[in-house]
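This briefing goes through a two-chain model, topic by topic. Please keep the sequence and the structure in view while reading.

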Amino acid sequence: MPKVTIPVGPQHPALKEPINFMVSVDGETIVDADMNLAYSHRGIEKLAESKTYLQNIYLVERICGICSHTHTTCFVQGVEELMGIEVPERGLYIRTLVAELERIHSHLLWTGVAGHEIGFDTLFMYTWRDRELALDLLEMITGNRVNYGINTIGGVRRNIKAGMKDQILKHIGKLEERVQYYTDMATTESTVLLRAEGVGHLPENEARKFCAVGPTARASNIPTDVRKEDPYAAYEELDFELITSDSCDILGRLIVRMQEMVESCKMARQLIENLPSGPIRAPMSREVPAGEVVSRYEAPRGECLYYVKSNGTFYPERLKVRASTYANWPAVVYSLKGYYIADIPLIIAAIDPCMSCTSRVAILDTKDGNERKVLDMDYLRTYGIKWYKEHGRGVRRR
Amino acid sequence: MDLVKWARIKSPWVLHLNTGGCNGCDIEVLAALMPRSDVERFGILLQGSPRHADLIVCQGPITKQMRDRVVRIYEQVPEPKFVMAIGSCACTAGVFQGCYNVLGGIDKAIPVDVYVPGCPPNPAAIVDGVMKLLTKLKES
């Protein structure tokens with residue numbers, strides 16, 4: 001009977017990519033991993049060609065429900081460059097504030113999912129509870145919890161009213177406190193350390209070779225961040241640190257994300273305190289001059305890339321999206337090798353991928369020849385938790 | 001009211017199914033299960049297997065590739081079964097209308113009992129949708 005798999009996790013790359021890992025094992029150890037990408041997509045890039053630029057903002061926002069602001073910002077930035085629009089300072093500040101709050105909510109969500117994968121459901125519940133704080137803030141600023149609809153070509157659609165500032169600062173204070181708590185927890189809590197330390201090793205040169213992006217690359221000690229390298233929106237005026245870790249394992253990816261949340265809180269505070277006055281958007285025409293542009297944006301998961309080609313009409317001629325998860329798949333395949341079957345869920349979850357895409361894993365036993373078993377993510381998760389309970393932590397790999 | 005019906009109304013088990021959506025509704029459904037809304041106190045429990053579920057909660061439009069799988073999952077759920085379409089995409093395909101790989105709303109593949117529009121609907125709206133279904137059940 002075919003196994004039905006239910007998506008547990010939330011993140012979704014730009015196009016829905018059902019991914020199939022073929023994992024070859026020798027007993028418990030993974031010898032080789034291979035993946036198949038097949039597209040069960042909706043055809044967003046094609047549909048975008050028949051919608052106007054303004055309509056497309058709402059379409060690309062719905063590529064991903066978690067980093068929706070990523071996609072709209074990346075898209076409007078490109079279109080603004082084509083049209084030669086100078087976005088007012090205040091508009092850029094509000095845009096950046098929403099981006100940083102989105103990063104906090106996305107990283108908290110990931111922490112919860114990672115906790116779930118190692119069987120630490122208390123952490124799952126805790127982080128999702130605190131994630132609501134970030135969602136409340138987003139709802140206060142944009143009016144929506146998930147698809148914010150705040151970006152428009154030339155600026156943003158909603159202003160931050162004077163009375164909201166204190167409330168936002170109060171909320172950020174609460175968030176800072178919780179984020180600090182998780183940062184301390186990640187480095188001391190033995191439940192996390194047991195499963196994350198030394199697992200999914202991805203050395204610096206390999207991460208470079210596979211062109212890893214975002215926290216996955218930064219945890220392998222590669223200082224890459226579009227916010228620093230090619231500052232967009234208001235990042236040039238912000239004081240923040242680029243977080244890296246040299247541990248190159250899952251613990252490193254966890255710590256990088258935790259500290260990034262601390263930095264994001266810091267940035268949100270700076271943005272609110274130094275919010276310039278003035279208009280929030282510049283006037284725009286509906287026609288976009290012919291040309292092509294590439295826009296970069298540091299999404300919570302890494303660099304997101306948009307390519308927009310205009311032929312001088314109301315509609316784009318071509319829109320190409322390369323989301324961050326897509327760039328991280330080769331690194332996952334590498335970091336799976338040499339570890340136990342019980343580590344598969346966490347190693348795959350560590351890049352913050354689309355769980356619905358990675359629900360199917362096929363196990364190939366090299367000892368018994370060609371026996372193939374198809375396991376779903378839920379089964380693997382339970383298996384991993386049980387396996388570690390029985391074997392303790394004495395076992396280390398590679 | 002017979003015992004089985006009473007039990008079903010008191011504790012509907014839910015299957016969470018993404019049929020090709022953007023995950024916005026998925027996280028809102030999950031958020032409804034998390035400490036703030038905590039629908040588990042009403043006996044609503046997330047299930048991994050369709051064979052244990054009473055209620056399928058669908059998100060996203062039906063893509064060509066998902067259609068057969070959705071029908072198969074629907075057939076695996078024991079009778080009587082109910083379907084909720086969460087979000088505008090699940091109701092009418094929403095913003096993805098016109099995509100070459102999208103067939104339309106969930107009702108293009110399986111019968112739907114409750115529609116919850118919104119992009120995405122608030123967790124409170126999702127809980128309200130479940131409650132409406134349960135009230136309908138009670139009266140039937």
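Domain bounds here come from an automatic or database domain assignment. For chain A, that assignment gives domain 1 (19-41 + 328-391) and domain 2 (46-57 + 86-285). The model is predicted.

**Domains of chain A**

- Between the two domains of chain A, 17 residues of domain 1 are in contact with 19 residues of domain 2.
- On the domain 1 side of this contact, α12 (324-336), α13 (344-349) and α14 (377-391) of chain A each supply at least two residues.
- The largest share of that side comes from α12(A), with five residues.
- Sorted by class, the domain 1 side that touches domain 2 has 12 nonpolar, two polar and three charged residues.

**Chain A overall**

- Chain A has 14 helices and nine strands.
- Of its 398 residues, 53% count as buried.
- Taking the contacts in chain A between residues at least 6 apart in sequence, 73% join residues at least 24 apart.
- In α2(A), the buried residues are A:Tyr53, A:Asn56, A:Ile57, A:Leu59, A:Val60 and A:Glu61.
- These buried residues of α2(A) pack against α1, α3 (68-83), β3 (151-152) and β7 of chain A.

**Chain B overall**

- The secondary structure of chain B consists of five helices and seven strands.
- Read from the N terminus, the order of elements in chain B is α-β-α-β-β-β-α-β-α-β-β-α.
- A compact globule of 140 residues would have a radius of gyration near 14 Å, and chain B agrees with this at 14 Å.
- Along the principal axes, the C-alpha atoms of chain B fill a box of roughly 45 × 30 × 25 Å.
- Of the 140 residues of chain B, 51% count as buried.
- Among contacts in chain B with a separation of 6 or more, 82% are between residues 24 or more positions apart.

**Interface between the chains**

- The two chains meet through 32 residues of chain A in contact with 35 residues of chain B.
- On the chain A side, the elements that give two or more residues are α1 (44-48), α2 (53-61) and α5 (121-142).
- The largest share of the chain A side, four residues, comes from α5(A).
- By class, the chain A side that touches chain B has 14 nonpolar, 10 polar and eight charged residues.

**Nonpolar core**

- In soluble globular proteins, nonpolar side chains tend to be buried together.
- The largest nonpolar core here has 150 residues, of which A:Ile347, B:Val57, B:Cys58, B:Met84 and B:Ile86 touch the most other members.
- Helix α4 (residues 89-117) of chain A gives this core its largest share, 13 residues.
- Domain 1 and domain 2 of chain A each contribute at least three residues to this core.
- Leaving aside residues up to four places away in sequence, A:Ile347 touches A:Val199, A:Gly200, A:Ile250, A:Val332, A:Ser335, A:Leu336 and A:Tyr339.

**Backbone geometry**

- The peptide bond from B:Glu79 to B:Pro80 is cis, with omega near -15°, and B:Pro80 lies in the loop between α3 (64-76) and β5 (82-86) of chain B.
- A cis peptide bond also runs from B:Cys119 to B:Pro120, with omega near -10°; B:Pro120 lies in the loop between β7 (114-116) and α5 (123-139) of chain B.
- A:Asn221 is not a glycine, yet has a positive phi of about 65°.
- A:Asn221 sits in the loop between α9 (214-218) and α10 (226-229) of chain A, and counts as partly exposed because it has 15 C-beta neighbours inside 10 Å.
- A:Ala233, also a residue other than glycine, has a positive phi near 45°.
- A:Ala233 is in the loop between α10 and α11 (250-273) of chain A, and its 22 C-beta neighbours inside 10 Å make it count as buried, the cut-off for which is 20 or more.

**Surroundings of A:Asn311**

- A:Asn311 is placed in the loop between β6 (302-310) and β7 (316-322) of chain A.
- A:Asn311 counts as partly exposed because it has 13 C-beta neighbours inside 10 Å.
- Not counting residues up to four places away in sequence, A:Asn311 touches A:Ala290 and A:Glu317.
- A:Asn311 and A:Ser295 are 16 residues apart in sequence and, from C-alpha to C-alpha, 17 Å apart in space.

Key:
Residues are numbered from 1 along each chain as its sequence is written. Chains are lettered from A and ligands numbered from 1 in the order in which they are written. This is a predicted model: local features need pLDDT of at least 70, side-chain atom pairs count only at pLDDT 80 or more; totals for chains, interfaces and linings use all residues. Two residues are in contact if their C-beta atoms, placed from the backbone, lie within 7 Å. Ala, Val, Leu, Ile, Met, Phe, Trp, Tyr, Cys and Pro count as nonpolar, Asp, Glu, Lys and Arg as charged, and the others, Gly among them, as polar. A nonpolar core is a set of buried Ala, Val, Leu, Ile, Met, Phe, Trp, Tyr and Cys residues joined through C-beta atoms within 7 Å. A residue is buried if 20 or more other C-beta atoms lie within 10 Å of its own, exposed if 12 or fewer, and partly exposed in between; C-beta atoms are placed from the backbone. The radius of gyration is taken over C-alpha atoms; the globule rule is 2.2 Å times the number of residues to the power 0.38.
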